[in-house]
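Student: Can we go through this structure together? I'd like to start with the aromatic residues.

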Amino acid sequence: MVAKLLGTLIILAALTIGYTILKEDLDLPKKSDKKTAEACVQLTPAQQLAKMINNDFQTLESEGQLPPEWKDIATVEIRMNSTLARTILGKERPNIQRVKQGANYLELEIVDLPDDENPGVIIQASLFNIKSKNKIFEIGRTYTMNDLNKVTPEKAPEAPGKKEAPTSAVTVPTSETTAPPAANTPPQPQK
């Protein structure tokens, strides 16, 4: 009786150890929560740019850098003067929170930021009162392709043995120019 019980425990232990070792190879579905599923979603460049703009304005609002009238926007007018933004965004637009009976309208003007290395777009946001048509607030924001792709420019690799001079170094001119000796030549006596 004890032998059967001991044999059963050994078999169960072996199965448990085998399962834990092989569970990665079996590709069994893991318990996942909502956060993991959201992190795996790929966004199109249009969705990335729109989300970046939305997040930026939400951050500005949460930091108190936008006026209280920002929460009372009835309409949003987008002027797409940027070929880059028009190409990237397509039909996707930033989602600015609107209020049905709001007293203000927001004008978003999107223009190109021409740059050979890191092009982008500039958004000029102007908040107006609907009745008086007076400008209440204005802010400009710049979004570059490096921001969109979350890519930082890499430094060019340095040549081996070449070091940059410190910025505070002083160069003293000499009357004599000397070149380093060739690899197989004997050293010459100093004058």
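Tutor: F57, W70 and F137 form one aromatic cluster. Rings of Phe, Tyr and Trp (its six-membered ring) pair if their centres lie within 6.5 Å; planes under 30 degrees apart count as stacked, over 60 as edge-to-face and the rest as tilted. This is a predicted model, in which local features need pLDDT of at least 70, side-chain atom pairs count only at pLDDT 80 or more, and totals for chains, interfaces and linings use all residues. Residues are numbered from 1 along each chain as its sequence is written, and side-chain values use heavy atoms, with hydrogens and water left out.

Student: How many aromatic pairs are there in the whole structure?

Tutor: A search finds 3. One of them is F57 with W70, a stacked pair at 5.4 Å centre to centre with 20° between the planes. F57 is in helix α3 (residues 45-62), while W70 is in the loop between α3 and β1, 13 residues apart. Helices (H or I, at least four residues) and strands (E, at least two) are DSSP runs, numbered from the N terminus.

Student: F57, buried or exposed?

Tutor: F57 counts as buried because its relative accessibility is 3%. W70 is buried as well, at 6%. Buried means under 20% relative accessible area, exposed over 50%, partly exposed in between (1.4 Å probe, protein chains only).

Student: Why is the pair of W70 and F137 edge-to-face?

Tutor: Because the planes are at 85°, with the ring centres 6.5 Å apart. F137 sits in strand β4 (residues 135-144), so this pair ties together parts that are 67 residues apart in sequence.

Student: Different topic. Where does S82 lie?

Tutor: S82 is in the loop between β1 (73-81) and α4 (83-89). S82 counts as buried because its relative accessibility is 0%.

Student: And what does S82 touch?

Tutor: Leaving out residues up to four places away in sequence, S82 touches I110, V111, D112 and V121. Contact means heavy atoms within 4.5 Å.

Student: What's the overall layout? Which pattern does the protein follow?

Tutor: Along the sequence, the pattern is α-α-α-β-α-β-β-β-α, from 5 helices and 4 strands. Of the 191 residues, 22% are buried.

Student: What about the average pLDDT?

Tutor: The average is 75, and 68% of the residues score at least 70. pLDDT is the predictor's confidence in each residue, from 0 to 100. Over residues 151-156 the pLDDT is below 50, and that stretch has 2 contacts beyond near neighbours in sequence. Residues 161-179 stay under 50, with 2 contacts beyond four places in sequence.
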